[in-house]
Each structure stands twice: as structure tokens, then as C-alpha cells.
Amino acid sequence: MNAKKTRSLDKKTQILRAARSVVMDGGFRELQMNAVAAAAGVAVGTIYRYFSSRAELCAAIVSTTSQREVDVLSGIAVAEGAPSQKVRDAVRTFAARAMRGRRLAYGLIFEPIDPEVENTRLHYRRAIARVFETIIREGIAAGEFRALDVEVAGACLVGAFMEGLVGSLAPDTGGEQSREDEIAGAIAELCLAAVALPGNRYLISESAEVGGV
């Protein structure tokens with residue numbers, strides 16, 4: 001890669017990081033080119049050399065940030081361990097990471113956004129569902145989960161844990177910072193219960209632990 005191309009990539013990364021910081025502070029509604037230019041220390045015209053529109057810039061933020069979450073969850077899915085524990089760990093990890101970056105997570109998951117950007121958001125939501133499909137398929141084969149339609153179950157789990165985060169992420173609720181672990185754990189347990197066979201020992205052991213047994 002020649003030096004000119006490297007500089008171009010560096011500038012694009014700089015703009016993306018600045019745009020992401022704007023969204024972290026005020027959501028996508030605050031993502032205006034002037035604000036990004038100020039945060040990146042570049043001229044507005046420089047942004048348009050890399051992103052032809054605000055919508056394209058929004059889509060790039062959704063894409064790069066969401067892919068990072070897909071990668072984290074994929075790592076959990078392919079790791080050693082029981083499928084039940086993987087469901088619990090994956091949901092808890094997603095929820096905990098979202099609550100650490102509340103404003104950005106709310107923007108990525110719930111905030112009204114440009115129609116053309118919505119396709120990017122849905123693409124990554126499906127990608128996350130496919131990660132859970134892998135775990136669910138493994139759990140059925142291992143006798144830990146009920147015989148389910150894997151695609152439907154994956155989509156339902158993703159819908160459930162994302163919806164479960166609304167109250168913690170919405171800007172007008174103030175969040176529940178002191179209960180992050182508790183909320184993430186509760187959402188994870190509900191998702192595991194949705195797919196687990198009755199008597200699943202992982203669900204039982206976690207329930208006993210919560211009850212102080």
C-alpha cells in the first residue's frame with residue numbers, strides 16, 4: 001500500500017472516529033457534517049471526499065460498530081463450552097457492552113434513522129441472529145435445547161434481548177447504571193429459558209445461585 005493510500009485511509013478513519021464520538025454524545029440526530037468536521041479537525045468538504053452524504057456516513061458508523069459486536073459474539077459462539085452457557089454469555093456480553101456505551105447503542109438499535117441506513121442496521125441484526133442460530137443448533141444437538149425452528153428462535157432471541165434494553169438505553173430514562181450487571185444477567189436468563197429444555201442443568205444452577213442456594 002503506497003503512502004498516499006495510507007494517508008487516505010487514515011483520514012477516513014479519523015472522520016469515522018469523530019462521527020462516532022458525535023453520536024456517542026448526542027445520538028444520530030446530532031450527526032451533522034459541521035459537527036463531525038469540528039470533531040475531526042477537518043473541513044466539511046474533506047468529509048464529502050470520503051462520504052457522499054450524511055446517510056452514507058451514518059451507514060458507515062452502523063456498519064463498523066455493529067461488525068465489532070458481531071465479531072465479539074462470534075468469538076463466544078465458537079469457543080469451547082456448553083451451548084447453554086454460550087447463550088447466557090453472549091446475551092450478557094451484548095447487554096453489558098451496550099449499557100457501557102448507552103447513547104451509541106441506543107442509536108444503533110432503536111433511534112429513528114435515515115431509511116437507507118435502516119438496511120445496514122437490519123443487515124447486522126440478521127448477522128447477530130445467525131450467530132445465535134449457530135449456538136441454538138449446537139444446543140439442540142447436545143440435548144440442552146428444545147427442538148426449535150433455528151432461524152425463528154435466533155431472530156426471537158435477538159428481538160428479546162434488544163427490546164429488553166430499551167429502558168436502560170433510552171436517553172430520556174436516565175439509564176440504570178448501578179444495575180448494569182443485574183439487568184444484563186436477567187435478560188440473559190430469560191433468553192436461555194426461552195430455548196432450554198425443562199430440567200436444563202445450566203438454567204437450574206443459575207436459578208439456585210440467584211436464590212442463594
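This note sets out numbered points on a predicted model.

1. Overall composition. The predicted protein contains eleven helices and zero strands. Read from the N terminus, the order of elements is α-α-α-α-α-α-α-α-α-α-α. Of the 213 residues in the protein, 46% are buried. Among contacts with a separation of 6 or more, 71% are between residues 24 or more positions apart.

2. The largest pocket. The largest pocket holds about 420 Å³ of space. Its lining consists of 23 residues, and those nearest the centre of the pocket are Thr65, Glu69, Phe94, Ala105 and Leu108. By class, the lining comprises twelve nonpolar, eight charged and three polar residues.

3. Which helices line the pocket. At least two lining residues come from each of helix 1 (3-26), helix 4 (54-78), helix 5 (83-100), helix 6 (102-109) and helix 7 (115-141). The greatest contribution to the lining of the largest pocket is that of helix 7, with six residues.

4. Helix 6. How many of the eight residues of helix 6 are buried? Eight of the eight are, so helix 6 is largely enclosed by the rest of the structure. The buried residues are Arg102, Arg103, Leu104, Ala105, Tyr106, Gly107, Leu108 and Ile109. Two of these residues, Ala105 and Leu108, are also among those nearest the centre of the largest pocket.

5. Aromatic pair of Phe94 and Phe161. The whole structure has three aromatic pairs. In one of them, the ring centres of Phe94 and Phe161 are 5.1 Å apart and the planes stand at 55°, so the pair is tilted. The assignment follows because planes under 30 degrees apart count as stacked and those over 60 as edge-to-face, with the rest tilted. Phe94 belongs to helix 5 and Phe161 to helix 8 (residues 150-163), so that this pair links distant parts of the chain, 67 residues apart. Phe94 has a relative accessible area of 7% and is buried. Phe161 is likewise buried, at 1% relative accessibility.

6. Aromatic pair of Phe132 and Phe161. For Phe132 and Phe161 the ring centres lie 5.3 Å apart, with the planes at 45°, so this pair is tilted as well. Phe132 is in helix 7 and Phe161 in helix 8, so the pair ties together parts that are 29 residues apart in sequence. Both Phe132 and Phe161 are buried. Taken together, the ring pairs join Phe94, Phe132 and Phe161 into a cluster.

7. Salt bridge of Arg97 and Glu69. Eight salt bridges are present in the structure. One is formed by the side chains of Arg97 and Glu69, at 2.8 Å from N to O. This pair links distant parts of the chain, with Arg97 in helix 5 and Glu69 in helix 4, 28 residues apart. Are the two partners buried or partly exposed? Arg97, at 26% relative accessibility, counts as partly exposed. Glu69 is buried, because its relative accessible area is 16% and the cut-off for burial is under 20%.

8. Other salt bridges. The side chains of Glu111 and Arg103 also meet in a salt bridge, with an N to O distance of 3.5 Å. Both Glu111 and Arg103 are buried, and Arg103 is one of the buried residues of helix 6. A further salt bridge joins Glu182 and Arg179, whose closest N and O atoms are 3.0 Å apart. Arg179 counts as partly exposed, at 32% relative accessibility.

9. Ser74 and Ile128. Ser74 is situated in helix 4. With a relative accessible area of 26%, Ser74 is partly exposed. From C-alpha to C-alpha, Ser74 and Ile128 are 8.4 Å apart in space, while in sequence they are 54 residues apart.

Note on methods:
Residues are numbered from 1 along each chain as its sequence is written. This is a predicted model: local features need pLDDT of at least 70, side-chain atom pairs count only at pLDDT 80 or more; totals for chains, interfaces and linings use all residues. Side-chain values use heavy atoms; hydrogens and water are left out. On a 1 Å grid over the protein atoms alone, a cavity is a set of points where a 1.4 Å probe fits but cannot get out, and a pocket is an open set with protein on both sides within 12 Å along at least five of seven lines; lining residues have an atom within 4 Å of a point. Grid points are joined across faces, edges and corners, and a volume is the space filled by probe spheres set on the points. Helices (H or I, at least four residues) and strands (E, at least two) are DSSP runs, numbered from the N terminus. Ala, Val, Leu, Ile, Met, Phe, Trp, Tyr, Cys and Pro count as nonpolar, Asp, Glu, Lys and Arg as charged, and the others, Gly among them, as polar. Rings of Phe, Tyr and Trp (its six-membered ring) pair if their centres lie within 6.5 Å; planes under 30 degrees apart count as stacked, over 60 as edge-to-face and the rest as tilted. Buried means under 20% relative accessible area, exposed over 50%, partly exposed in between (1.4 Å probe, protein chains only). A salt bridge is a side-chain nitrogen of Lys or Arg within 4 Å of a carboxyl oxygen of Asp or Glu. Contact means heavy atoms within 4.5 Å.
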